[in-house]
Amino acid sequence: GVVRGARRRRRARAADLRRDRVLEACESMAADLTAGQPPVRALRAAVEEWSELAPVLTAGLMDADVPQALRRVGGLPGAADLRTLAAAWQVAHETGAPLAPSVSRAADAARARRRTSRLVASELAAAHATARTLAVLPGLVMLMAVGIGADPTGFPTRAAGGLARVCLAPTRSSVGPVCPVR
């Protein structure tokens, strides 16, 4: 369980870092496009900051389907906001609308989602810490009992187990089980 939890936390940190990178890429592209740079140059600048966008740049250079490439990269954990960018790119391409306002709105949406997820994470941090403490507490109590010379495993394994066996065992009488403790 500990190893699985560590892997899960490592994947969550990697996805969190990727969310930050997606937001930076969207903001960078929005700024470049607003400044009048062509879309491929804006993509190239974003790839210099975040190399996982290289397939999108390749699609842009080959005049291929950039929104589809954005969706593929958006399938990575933490990169879901690229799907919004892909939709904005596709709408701008199909309608002939300028790309800069659409990418700016996609960056704003990604920023708002990022802010909300950080707020939720900070609000849940105390509850997660309490849950971890309560999960570890029985083991700590057992270690403290061993430290003072008690036999914490003896009582539940011998006394309670034997008592349960006596209480639940059928007898030869028609009355039913006989339990010595009432």
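In this predicted model, the lining of the second largest pocket draws at least two residues from each of helix 2, helix 4 (66-74) and helix 5 (81-95). Helix 5 is the main contributor to the lining of this pocket, giving four residues. The second largest pocket holds about 210 Å³ of space. Its lining has 14 residues, and those closest to the centre are A64, V66, P67, W89 and H93. Sorted by class, the lining of the second largest pocket comprises seven nonpolar, three polar and four charged residues.

Helix 2 also takes part in a packing contact. Helix 2 (residues 39-49) packs with helix 1 (residues 2-34) at an angle of about 145 degrees, and the two axes are 9 Å apart. The crossing of this pair is right-handed. From helix 1, the contact uses R21, E24, A25, S28, M29, D32 and L33; from helix 2, the residues involved are P39, A42, L43, A45, A46 and E49. Eight of the residues in this contact are nonpolar, one is polar and four are charged.

Helix 1 leads on to the other pocket. Rolling a probe the size of a water molecule over the atoms shows where empty space is left. The largest pocket has a volume of about 360 Å³. Helix 1 and helix 6 (99-147) each give its lining at least two residues. Helix 6 supplies the most, with nine residues. The residues that line the largest pocket are A12, D16, R19, R114, S117, R118, V120, A121, L124, A125, H128 and R132. By class, five residues of this lining are nonpolar, two are polar and five are charged.

Two of the residues lining the largest pocket, D16 and R19, are also joined to each other. Side chains of opposite charge can pair when their charged atoms come close. The side chains of R19 and D16 form a salt bridge, with a nitrogen-to-oxygen distance of 3.7 Å. Where do R19 and D16 sit relative to one another in helix 1? R19 and D16 are about one helical turn apart, because three residues separate their positions along helix 1. Across the whole structure, a search finds eight salt bridges.

How values were computed:
Residues are numbered from 1 along each chain as its sequence is written. This is a predicted model: local features need pLDDT of at least 70, side-chain atom pairs count only at pLDDT 80 or more; totals for chains, interfaces and linings use all residues. Side-chain values use heavy atoms; hydrogens and water are left out. Axes are lines fitted to C-alpha atoms, for helices over the stretch in contact, and angles run from 0 to 180 degrees between N-to-C directions. A crossing is left-handed if the near helix is turned anticlockwise from the far one by less than a right angle, and right-handed if clockwise. Contact means heavy atoms within 4.5 Å. Ala, Val, Leu, Ile, Met, Phe, Trp, Tyr, Cys and Pro count as nonpolar, Asp, Glu, Lys and Arg as charged, and the others, Gly among them, as polar. On a 1 Å grid over the protein atoms alone, a cavity is a set of points where a 1.4 Å probe fits but cannot get out, and a pocket is an open set with protein on both sides within 12 Å along at least five of seven lines; lining residues have an atom within 4 Å of a point. Grid points are joined across faces, edges and corners, and a volume is the space filled by probe spheres set on the points. A salt bridge is a side-chain nitrogen of Lys or Arg within 4 Å of a carboxyl oxygen of Asp or Glu.
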